[in-house]
Amino acid sequence: ERPGHEFLMNAAMILVLLGGYVSILVGFSSVPERLVAIFAGTGLAAYELLGRISAEQARAVVASLIVAQIVTTVAFGMTSLQFVDNSRLAGILLVTWYVNRDLARHLFEGTLTRSILAEYSVGLLLAGSLIGSALLSR
């Protein structure tokens with residue numbers, strides 16, 4: 001790979017997934033359809049990276065399904081409570097996907113350290129602050 005190639009691939013995936021989340025949240029009116037579409041899109045986006053770095057494809061599929069399940073659970077909770085607008089919810093889902101996908105990546109690579117955990121904790125705080133700001137603006 002060339003220098004910066006991984007960054008460009010991640011940036012492209014983030015933009016595609018964010019657009020996908022917004023279009024799913026706006027385009028589907030029923031909650032089950034939204035959740036199935038979010039699960040499928042999130043799982044495929046997580047597998048895109050995990051499938052490349054994992055020695056065993058079965059482990060990559062399982063990790064992708066776990067990431068998709070976590071993001072879909074967050075989407076279900078936020079959709080059920082109905083206090084977050086679609087753009088904030090898309091941002092929350094994107095941050096949740098990014099943190100969980102990269103935690104799985106570092107577990108596969110064996111590079112999970114305290115500093116990496118601290119970095120992703122900040123990402124989870126960002127998602128929490130988006131939820132908090134939605135509650136305060138309500």
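This is a predicted model: local features need pLDDT of at least 70, side-chain atom pairs count only at pLDDT 80 or more; totals for chains, interfaces and linings use all residues.
**Figure 1. Y98 and Y120 form an aromatic pair.** At 30% relative accessibility, Y98 counts as partly exposed. A search of the whole structure turns up one aromatic pair. Because the ring centres of Y98 and Y120 lie 6.3 Å apart with their planes at 65°, this pair is edge-to-face. Y98 belongs to helix 4 and Y120 to helix 5, so-called distant parts of the chain, 22 residues apart, that the pair links.

**Figure 2. The whole protein is built from five helices and zero strands.** The C-alpha atoms fill a box of roughly 45 × 30 × 25 Å along the principal axes. For 138 residues, a compact globule would have a radius of gyration near 14 Å, and the 15 Å of this protein agrees with that. Buried residues account for 37% of the 138 residues. The accessible surface comes to about 7,800 Å², and 68% of this surface belongs to carbon and sulfur atoms. Now look at how the chain meets itself: among contacts between residues at least 6 apart in sequence, 70% join residues at least 24 apart.

**Figure 3. Helix 1 has a set of buried residues covered by other helices.** Helix 1 runs over residues 5–27. Its 23 residues should span 33 Å at 1.5 Å a residue, and the 32 Å between its end C-alpha atoms agrees with this. Which residues of helix 1 are buried? They are N10, M13, L17, Y21, I24 and L25. The cover over these buried residues includes helix 2 (31–53), helix 3 (57–81) and helix 4 (86–109). V26 also sits in helix 1, but with 58% relative accessibility V26 counts as exposed. The C-alpha atoms of V26 and L112 are separated by 36 Å, and these two residues are 86 residues apart along the chain.

**Figure 4. The largest nonpolar core holds 32 residues.** Nonpolar side chains tend to be buried together in soluble globular proteins. Which members of this core touch the most other members? They are Y21, I38, V84, L93 and W97. Helix 1, helix 2, helix 3, helix 4 and helix 5 (114–136) are the elements that each give two or more residues to the core. Helix 4 gives the most, with nine residues. For a closer look, pick out I38: leaving aside neighbours within four places in sequence, I38 is in contact with Y21, I24, L25, V71, T72, A75 and L93.

**Figure 5. Helix 4 carries R105, a buried residue.** Helix 4 has 24 residues, and from its first C-alpha to its last it reaches 34 Å, close to the 34 Å expected at 1.5 Å a residue. R105 lies in this helix. Is R105 buried or exposed? With 13% relative accessibility, R105 counts as buried, since buried means under 20%. Not counting residues up to four places away in sequence, R105 touches E6, L49, L50 and I53. After helix 4 comes G110, where phi is positive, near 75°.

**Figure 6. Q82 has a positive phi in the loop between helix 3 and helix 4.** Most residues other than glycine have a negative phi. What is the phi of Q82? The value is near 55°, which is positive, in a residue other than glycine. Q82 lies in the loop between helix 3 and helix 4, and at 64% relative accessibility Q82 counts as exposed.

**Figure 7. E56 sits in the loop between helix 2 and helix 3.** With a relative accessible area of 47%, E56 is partly exposed. How far apart are the C-alpha atoms of E56 and F108, and what is their spacing along the chain? The two C-alpha atoms are separated by 10.0 Å, while the residues are 52 residues apart along the chain.

Terms used: Residues are numbered from 1 along each chain as its sequence is written. Side-chain values use heavy atoms; hydrogens and water are left out. Helices (H or I, at least four residues) and strands (E, at least two) are DSSP runs, numbered from the N terminus. The expected span of a helix is 1.5 Å times one less than its number of residues. Buried means under 20% relative accessible area, exposed over 50%, partly exposed in between (1.4 Å probe, protein chains only). Contact means heavy atoms within 4.5 Å. A nonpolar core is a set of buried Ala, Val, Leu, Ile, Met, Phe, Trp, Tyr and Cys residues joined through side-chain atoms within 4.5 Å. Rings of Phe, Tyr and Trp (its six-membered ring) pair if their centres lie within 6.5 Å; planes under 30 degrees apart count as stacked, over 60 as edge-to-face and the rest as tilted. The radius of gyration is taken over C-alpha atoms; the globule rule is 2.2 Å times the number of residues to the power 0.38. Accessible areas come from the Shrake-Rupley method with a 1.4 Å probe; for residues, only the protein chains shown count as cover.
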